[in-house]
There are 2 protein chains.
Amino acid sequence: MRLTPLYCLALFALVLTPLSLSAQEAKDPIAESGFVKEFGTMWTFDAPPLAYWKAAYDFAPERAWLDHVRLSAVRIPGCSASVVSDQGLVMTNHHCARSCITAVSTDDVNYQATGFVAAREEDEPRCPGMTADQLQSIEDVTAKVRQAVTARATEERVAQRDAAIQTIQDECAASTGLICQVVTFYQGGMYSLYRYKRFQDLRLVMAPEEEISFFGGDPDNFTYPRYDLDVTFLRIYENGRPLLAEHFLRWNAKGATEGEVVFVVGNPGSTGRMLTLAQMEYLRDVQYPHQLAQIAALIRAYRALSEQSPAAARQYENNIFSLENAQKAIRGYHSGLTDVDLMARKKRFEDDFRARIRADRQLQSNYGRAWDAIARAQAELTSFATEARYQAFGGSTLFIMAGNLVLLPEQAAMPNDRRLPQFQEDGPDRFRSQLLRNRELDLGVETAMLTVQLSLMQEHLPAGDPVLRAALQGQSPEEAAKRLIGGTKLHTLEAREALVEGGAAAVQASDDPLIVLARVIAPLMTRHGMRQARLNTTISANAELMGQAIFAAYGKALPPDATFTLRISDGVVKGFPMNGTIAPYRTSFYGLFGRNAEFDDQPPFHLPDRWKMAVGRLDLATPVDFVSTADIIGGNSGSPLVNRKGEVVGVAFDGNIEMLPNRFIFTDEVSRTVSVHTAAITEALKKVYGAERIAEELERAAIR
Amino acid sequence: MRLTPLYCLALFALVLTPLSLSAQEAKDPIAESGFVKEFGTMWTFDAPPLAYWKAAYDFAPERAWLDHVRLSAVRIPGCSASVVSDQGLVMTNHHCARSCITAVSTDDVNYQATGFVAAREEDEPRCPGMTADQLQSIEDVTAKVRQAVTARATEERVAQRDAAIQTIQDECAASTGLICQVVTFYQGGMYSLYRYKRFQDLRLVMAPEEEISFFGGDPDNFTYPRYDLDVTFLRIYENGRPLLAEHFLRWNAKGATEGEVVFVVGNPGSTGRMLTLAQMEYLRDVQYPHQLAQIAALIRAYRALSEQSPAAARQYENNIFSLENAQKAIRGYHSGLTDVDLMARKKRFEDDFRARIRADRQLQSNYGRAWDAIARAQAELTSFATEARYQAFGGSTLFIMAGNLVLLPEQAAMPNDRRLPQFQEDGPDRFRSQLLRNRELDLGVETAMLTVQLSLMQEHLPAGDPVLRAALQGQSPEEAAKRLIGGTKLHTLEAREALVEGGAAAVQASDDPLIVLARVIAPLMTRHGMRQARLNTTISANAELMGQAIFAAYGKALPPDATFTLRISDGVVKGFPMNGTIAPYRTSFYGLFGRNAEFDDQPPFHLPDRWKMAVGRLDLATPVDFVSTADIIGGNSGSPLVNRKGEVVGVAFDGNIEMLPNRFIFTDEVSRTVSVHTAAITEALKKVYGAERIAEELERAAIR
């Protein structure tokens, strides 16, 4: 799977029931260290699990080791990365540098297709918009945030909390010049201030072809055995010169070996291990089924558009890729939630958690009602979920614009706290300027996307629904979409300007067919949106209580849910049982050329010519990808794998399909992190890409 | 999986309900041809599904084509094979020729380990006991058998039927000199006389090393992707000279290609697609769980014995291999029976079948009670299954001998039809001579095996059980086994002779501890055995009714359950969805060397030196194994895969793990036959084994 879209891991799950804490387990030094496997291993750097590491691996890193790996790691947009030379060389995944590789491509050369190697430093082009954040420090600010929250009413408390967080961030930024972010852990059980040094000049050094970095394409995505060279090298520049990096991971060209302990240092995006059963059931029965229906409809629509021409196919390739990626991920999460055993384990944990709270009068008084409050809110959300989803704007950009044009005057006229959440967050001005931006819209695509939306409405809303009647007017979704997009003028800036500037009166008077439809939808959508906002506030306030309750019940030794902030996860390099046999701990170039041959060199198993010509030069037994039991999720893409010595032995780029249910509960019987092996990178740099300059830089820095 | 142990397929399953035979399906030419997918495709040669083949593949073979492939196929002990040259060259699986390869090995050279290539004809050693049967003709003898059955009582009818079958066989053998066998199809719905020409002089021509023929060992067994060269060449001799074969399959060195239709011609052993739901539930809830418990205990015991020395490890390797093979197979079958969807499909079929019978008064009168009669008998078998299994002799050879010594006098004194089934079948004399044969028994192994048996008894029988009390006498199973094996004299021929010749009185007077225990068990075991025999007769009589009922309900176009007789199954060469991605239709030598490298050259992924040295000479992209949707089961091992032209393109050796539930219902969404590709065999003969003589013989015969 691609790790970029948030799919993560972290807190929670099947804590042992008191009964099962038998004498035998109590003697287990790992259990004694406070480690509870089902919560996963996404540790924060201010709470490294030293007792557990000592018990599990006989590994007791010094403070300096932890500082070294933390300061060698950097966060880039949506992904993770690491500094791997004293010259600021940065390693991440190819799929994390996609936007840069595309941006520096020219009309003549598409580096996604051809790969890119900068022969000299001066050939390293700048990646527009790319930044790298290095985590300088972590400070627990829970007390400061709590002190600021004095009100009784939930909404007011939330506002006080948000204001306190903003103040802490602003003061920090002003005093340090760093990027400052207050991170919410344990759903509000704890707040920490993260300070980052931001590097703003990153340049492209080396990228392989997409065919080798994403070898196997969508079928192999999220699976293992795998043969992807999903790696790209960037370089941090400061003041126009390569960064003289104080902290970097030394290159271990031998890479990871079977049974070795490894540490993934990166930024897992989001997990749901602290969710209550009621929240998980909502995802299982309401949210994921709706999302999967929508994704499937969109994929069908983009496929149909793609069939019209090769140019269209290229244009929609990225959309289809992202949607298929999301589809495979959500299906995997959903499969976890429909797994009877997994849900039973979750229930056992929740029963135990609630019993611990009930057993103490004060805890019960503080937290005891939180589960039921969440369950009631989820039940109410379920009761109008279909209406909230389909009595709404979506699919086509013009349709969404029409909705915003109708909503804008009334939302702008309200006090902020009465507005819809999206208008509270961004403010009416942002919507206004978006509507007044000049945009080129392809009306064919708009028609196709509106057809998708109207078809979904037709499928899910009852026949007599007022929105459905107003939209279709007795036509099929496709006919109705053609009529609406054919009749609207909203693709012209003039039409939108007239409505924005004319305000409520102009919107009321308009006979633009999309505006007429939006006037039917807007009041319903507003009502659903405000009701959802109220229920979500209830859920979030009670989730925060639960975050505090978990400390009371289990102490603070458990890693919190993922937050796209820096974590260190431990694991062991290890194969796993798969489909009746065993998957090896690592793959090989033999296997790569095998899968290429076995699919008769057809895409997505086609190989670039450069690879085919290199086959005789390569040591085909070299490891390509490898697996470990480390705990990752989307956002971890590009994370370095570090050995006991603090050297880099790989770069994470995916999990196997068995890992997807880890979003809700961590298991490591068969779930694995998939990483590119440093031996494969070294071999490819030298023998496929003629990139000795980079290989030598890695080797030279490693022995400094 | 290894196909030798019976694991098959054939009749039955999800016939469409009348409702689902919609207009659309009625227009499907394949459905119109009478093909019902769930019954599988193990066709008999006297009822080839010509309409279905025409509709599915536009393939309409002449009679000559069918005769050609039938007469080119031969059945060898437990397996299938084919003649592939005009000089009587026979191809089968390496694992089917195991006994021959071992038998012709010398003290100095173990050809299982080293492989074997006969450089010249005179170097081809004879395989002791190996025969090859060529199917000459098939004759429907149902009417003849039925005419002979005139009695009313079930036991008498069975005896009449068996006598009629014996007469037909004897008369055929006397008049033709052929091997004659009456085969029971559709559980007794139909009887056919199969006549075979038997070849008795088979010699070993070429066998690869076991490491390459069984590459991946137990983990990869029953799975795909696979990289096994599971092939061996034998030669039929007649009158001391190679057979000048009139019928043989021409060698197609290009082998199978993706999407191509292929036919498997071989002898599937046994399937249970005609079983009723009640019979399947018995397997699921009673028989398989018991078998799995026993297999697991035996594997543990042999592992423990193996750990004592390398010599012991070699000795028990075969036992462990067979047990693990059976374990993987039974787990697969069991998984089919615990699959909710599959059982629901089965129930739909049974409901439809019963409704069709009920709808006709005469059919209902003839067959309508059969299902309930079987269900009642299965329920009664279930009620005492544990006692029948563990109030019995088993595990240790000495324990079984003790049981037979006690049973022999009383069984010998009875009329044959009152005896236990095993004594009816073999006769008391056979037991007597077995007991009086001189045997060397390892008392350590006997103790271990008796420990297994006593442990299983202890686990399954209630604490106060008389057998358990008599066996353990308050000791642990291991102590009791030591006491019993330590105290018995039955390992000496003299002790057994004294008891056989002394008869009932000697047995009664004996104070040998195993005889004392056997005297407690024998009456219980006899009672259970007679009760089981009565219930099994009821089941088999009603199953025969059901075999007739299926013709009445669905006509005769459906292939019968497997019977280890020659069938032809059609399929398409095709990959399948696997573990989140797709498995290719074929593997490659690249993949072979990949899996070897990826497990760091460790067994069972170790490769013979000859292969490692050949890597530079081989075309690594050559197909090794490939998959097709053909319908096979144990017994099909060694079956040729034949293309439209009647050429051989592969040799079947396994199914993927997804195929195991096919024993009870055929599906081809993900289940696949795994075969060795002829291109791999050609490449290996020439470039690994220096066996140009054989490669050239294949090529020369192909162009004759």
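This is a predicted model: local features need pLDDT of at least 70, side-chain atom pairs count only at pLDDT 80 or more; totals for chains, interfaces and linings use all residues.
**Ground rules.** I took local features only at pLDDT of at least 70 and side-chain atom pairs only at pLDDT 80 or more, while totals for chains, interfaces and linings use all residues. Residues are numbered from 1 along each chain as its sequence is written, chains are lettered from A in the order in which they are written, and side-chain values use heavy atoms, without hydrogens and water.

**Symmetry.** I laid chain B on chain A and got an RMSD of 0.2 Å, with a turn of 179 degrees and a shift of 0.1 Å along the axis (least squares on C-alpha atoms of residues with pLDDT of at least 70 in both copies). The two copies are therefore related as by a two-fold rotation axis. The same surface serves both: 100% of the contact residues of chain B recur in chain A.

**Interface.** I found 32 residues of chain B in contact with 32 of chain A (heavy atoms within 4.5 Å). Together the chains bury about 2,400 Å², 55% of it on carbon and sulfur atoms (accessible area lost on being put together, 1.4 Å probe, summed over both parts). Asn579(B), Tyr590(B) and Glu598(B) lose the most area in chain B, together 29% of what that side buries.

**Salt bridges.** The rule finds two across the interface (a side-chain nitrogen of Lys or Arg within 4 Å of a carboxyl oxygen of Asp or Glu). Arg586(B) forms one with Asp600(A), the closest N and O atoms being 3.1 Å apart.

Conventions. Buried area is the accessible area (1.4 Å probe) that two parts lose on being put together, summed over both.
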